[in-house]
Amino acid sequence: MTSTPTELESQLKGLQSAAQSAIATATSLDDLETLRIKYLGKKGELSLVLKGMGKLDVAQRPIIGALANQVKEAVQGDLERSRTTLEQAQIQAQLAAETLDVTMPGVYRPQGRIHPLTSTIERALEVFTGLGYTVAQGPEMESDYYNFEALNTPADHPARDMQDTFYLPDGNLLRTHTSSVQIRYMENNEPPIRVAAPGRVYRRDTVDATHSAVFHQIEILAVDRGLTFTDLRGTIKVFLEAMFGDIEIRFRPSFFPFTEPSAEVDVRWRDRWLEVLGCGMVDPNVLKNVGYDPEIYTGFAAGFGVERFAMVLHQIDDIRRLYNSDLRFLKQF
Ligand code: DAH
């Protein structure tokens with residue numbers, strides 16, 4: 001290594017300009033670190049040049065020393081500035097990569113709706129639970145006893161013709177109405193009782209716009225001391241007004257084996273009378289069948305078809321729409 005001042009001086013200047021142009025083209029922080037080690041590191045080029053200083057005149061040393069410092073500071077300054085620039089660029093790149101475009105359209109997820117039968121059941125049960133009723137359920141496969149016999153409908157009773165029944169090979173049947181739950185509930189509970197029982201029922205009906213072999217009913221039953229037809233009437237009125245709004249209703253005498261007297265109820269809907277449910281005072285025979293004393297207790301009961309309510313409330317013209325899961329239909333609710 002030479003040691004004349006001019007040569008050292010030109011080596012230092014060469015080093016500076018090489019370092020600076022290398023720093024200027026560095027594209028990463030790692031590159032910069034490599035350059036720092038290369039030029040300013042312990043065993044770097046600047047140290048190497050400075051080793052030559054030992055051979056200089058004492059008078060020359062401070063001059064070259066000062067120049068070396070200037071070079072070092074200039075290179076250091078460039079390294080600093082370049083580091084800041086690259087760091088900023090890195091942050092900007094990261095920000096750009098992680099930017100969320102809130103104006104982009106979202107991913108469409110089809111939204112489910114509550115089926116009109118479900119919402120009708122929920123609405124009705126809400127009214128009855130509001131009146132203090134308990135919700136109960138019973139099996140869809142029933143014995144003749146619960147579906148007919150205990151409901152005061154013996155085998156030879158003509159009322160059995162009203163409900164064409166699906167009989168099962170084992171002698172059981174698919175319940176034709178939710179009235180069977182009345183018996184099961186009374187067998188297991190003592191009066192006073194107030195119960196609402198929703199569920200599926202089955203009949204050998206030919207399917208058309210207003211009939212289905214499988215449909216839904218809600219049964220209500222109240223038994224207590226001193227219940228009268230007035231209580232039944234009041235309850236039905238409150239219920240129907242909650243479902244249909246402020247409407248005119250009428251009770252028509254009717255017949256059911258398990259109630260005496262029995263009635264059917266119509267609502268005045270869009271200028272005509274529409275039959276919506278059957279009801280009556282629980283027949284004393286039914287109370288006897290479950291071990292209640294009809295001299296002490298009286299009760300009232302009612303049963304209605306959920307499909308009928310849903311069709312009226314939502315202006316559905318064909319019962320089959322409620323079962324064929326057509327999204328174009330279901331989306332409307
Ligand atoms: N079970 C009857 C039917 O399916 C409806 C009914 C009428 C239920 C009168 C009752 C009632 O509880 O009291 O047609």
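What percentage of the 333 residues of the chain count as buried? The figure is 42%. Please keep in mind, as you look around, that this is a predicted model.

**Overall form**
- The radius of gyration of the chain is 46 Å, whereas a compact globule of 333 residues would have one near 20 Å.
- Taken along the principal axes, the box filled by the C-alpha atoms is roughly 135 × 45 × 40 Å.
- Counting contacts between residues at least 6 apart in sequence, 65% join residues at least 24 apart.

- The chain has an accessible surface of about 18700 Å², and carbon and sulfur atoms account for 52% of that.

**Aromatic rings**
- In total, the structure holds 12 aromatic pairs.
- One of these joins F244 and F309, which counts as tilted because the ring planes stand at 45°, with the centres 5.3 Å apart.
- F244 sits in helix α8 (residues 229-244) and F309 in helix α10 (residues 306-314), so this pair links parts of the chain 65 residues apart.
- F244 is buried, at 9% relative accessibility, and F309 is buried too, with a relative accessible area of 0%.
- Both belong to one aromatic cluster, made up of F128, Y133, F239, F244, W269, F304 and F309.

Conventions. Residues are numbered from 1 along each chain as its sequence is written. This is a predicted model: local features need pLDDT of at least 70, side-chain atom pairs count only at pLDDT 80 or more; totals for chains, interfaces and linings use all residues. Side-chain values use heavy atoms; hydrogens and water are left out. The radius of gyration is taken over C-alpha atoms; the globule rule is 2.2 Å times the number of residues to the power 0.38. Buried means under 20% relative accessible area, exposed over 50%, partly exposed in between (1.4 Å probe, protein chains only). Contact means heavy atoms within 4.5 Å. Accessible areas come from the Shrake-Rupley method with a 1.4 Å probe; for residues, only the protein chains shown count as cover. Rings of Phe, Tyr and Trp (its six-membered ring) pair if their centres lie within 6.5 Å; planes under 30 degrees apart count as stacked, over 60 as edge-to-face and the rest as tilted. Helices (H or I, at least four residues) and strands (E, at least two) are DSSP runs, numbered from the N terminus.
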